[in-house]
Amino acid sequence: MKILGIGNAIVDVICKVDDSFIEQNNLTKSTMKLFFDENEFKSLLKNLKIEKTVPGGSVANSIVGISQLGDKVGFIGKISDDQFGGNYEEGLNKEKVEFIYSKKKEELPTGTCLILVTPDSERTMCTFLGTAGKINENDVSSEAIKKSEIIFLEGYLWDEGEPKKAFDKAISNANKVAMSLSDLFCVDRHKPHFLNLVKNKLDITFANEQEITSLIDAKNFNEVINFSKQLNKLIIVTRGEKGSVAINGDKVFENDIQKNLKIIDLTGAGDLFAAGFLHGYLNKLSTKECLEKGTEMSSKVIQQIGARL
């Protein structure tokens, strides 16, 4: 197997609503709210008409993108033996992703992200992690990890306790480790741990400018470049309208964004950028070509609704 993703297995449930629904449920438009109470989450969902369900989660989105580019891929994520769990597995199988997890009835249901689309195309997300956030070392197959050229992890998955043990087991058995820092919230919450990972455990790190700047408390982007050069690893930073940068040892590669795109939805831009870059890396393209492939994939996904091509 070329690459094995390990991440939060979350089913995206897409529903169309009007603005009054957002207001009545005290949600803030265009943001993501994390729900910890299953009943509260269920009551939100019960009166809605589901437009479609898509197996989601950051790394899963990247892995599907890499599969679509023709590479042999796998994914590990914790689901329960329920309707959404069945949807999740089925969705990955359709995309030729080998799902390396045997589902069983768990205490908590399969993780769900309710995506509420208002008439102005804005997306408001309500996430209930469910059993996805309870992944442990027994859920992670050492054998599958050893057989993969690279494993790809997400910062969203890292948490104290069982998920951290799963992370450690994955890293200690891997040939090469890539990881996305995922979100500024994750970085700020786990800063010392993430810094240790980037410096000592990861071969490839994906971050946006905000995340990496916060991680090292940099005052400007030159400090990010200098920090990355000292590591002698591969650091990839997306910079929004300023394009993207890859730092590999003392070499710095830059790539511009594609111009004149009709941007509809930014969901999944980072996930698909990572997919394009990793596809290039796995197929021995130059670092500059990897950046170009990442840009091409992210440019495609932001011109449509949803995080999948």
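Colleague: On what basis are the residues numbered and the values taken?
Modeller: Residues count from 1 along each chain as its sequence is written, and side-chain values use heavy atoms, without hydrogens and water. As the model is predicted, local features need pLDDT of at least 70 and side-chain atom pairs count only at pLDDT 80 or more, while totals for chains, interfaces and linings use all residues.

Colleague: How many helices and strands are there in the protein?
Modeller: Both are DSSP runs numbered from the N terminus: helices are H or I runs of at least four residues, and strands are E runs of at least two. By this rule the protein has 12 helices and 14 strands.

Colleague: Why does the radius of gyration agree with that of a compact globule?
Modeller: The radius is taken over C-alpha atoms, and the globule rule is 2.2 Å times the number of residues to the power 0.38. The C-alpha atoms fill a box of roughly 55 × 45 × 35 Å along the principal axes. For 309 residues the rule gives a radius near 19 Å, and there is agreement because the protein has 19 Å.

Colleague: What percentage of the 309 residues counts as buried?
Modeller: Buried means under 20% relative accessible area, exposed over 50%, and partly exposed in between, with a 1.4 Å probe and protein chains only. Under this definition, the buried share of the 309 residues is 54%.

Colleague: What share of the contacts with a separation of 6 or more joins residues 24 or more positions apart?
Modeller: A contact means heavy atoms within 4.5 Å. Among the contacts with a separation of 6 or more, the share from residues 24 or more positions apart is 74%.

Colleague: Which strands pair with β11, and which residue of β12 is the bridge partner of F206?
Modeller: Two strands pair if DSSP finds at least two bridges between them. Strand β10 (residues 177-180) runs parallel to β11 and is joined to it by three bridges, with A178 opposite I204. Strand β12 (residues 234-238) also runs parallel to β11, through five bridges. In β12, the partner of F206 is I236.

Colleague: Is strand β11 mostly covered or mostly open, and how many of its residues are buried?
Modeller: Strand β11 spans residues 204-208 and is mostly covered. Of its five residues, the number buried is four.

Colleague: Why is helix α3 described as largely enclosed, and how many of its residues are buried?
Modeller: Helix α3 covers residues 58-68. Its buried residues include S58, V59, I63 and V64.

Colleague: Is K96 buried or exposed, and at what relative accessible area?
Modeller: K96 is found in the loop between α4 (83-94) and β6 (97-99). It has a positive phi of about 60° although it is not a glycine. K96 counts as exposed because its relative accessible area is 70%.

Colleague: Where is S30, and what is its relative accessible area?
Modeller: S30 is in the loop between α1 (19-24) and β3 (32-34). Its phi is near 70°, a positive value in a residue other than glycine. S30 is partly exposed, since its relative accessible area is 40%.

Colleague: How many Å separate the C-alpha atoms of E296 and F35?
Modeller: E296 is found in helix α12 (residues 287-301) and is partly exposed, at 27% relative accessibility. E296 and F35 are 261 residues apart along the chain, and their C-alpha atoms are separated by 34 Å.
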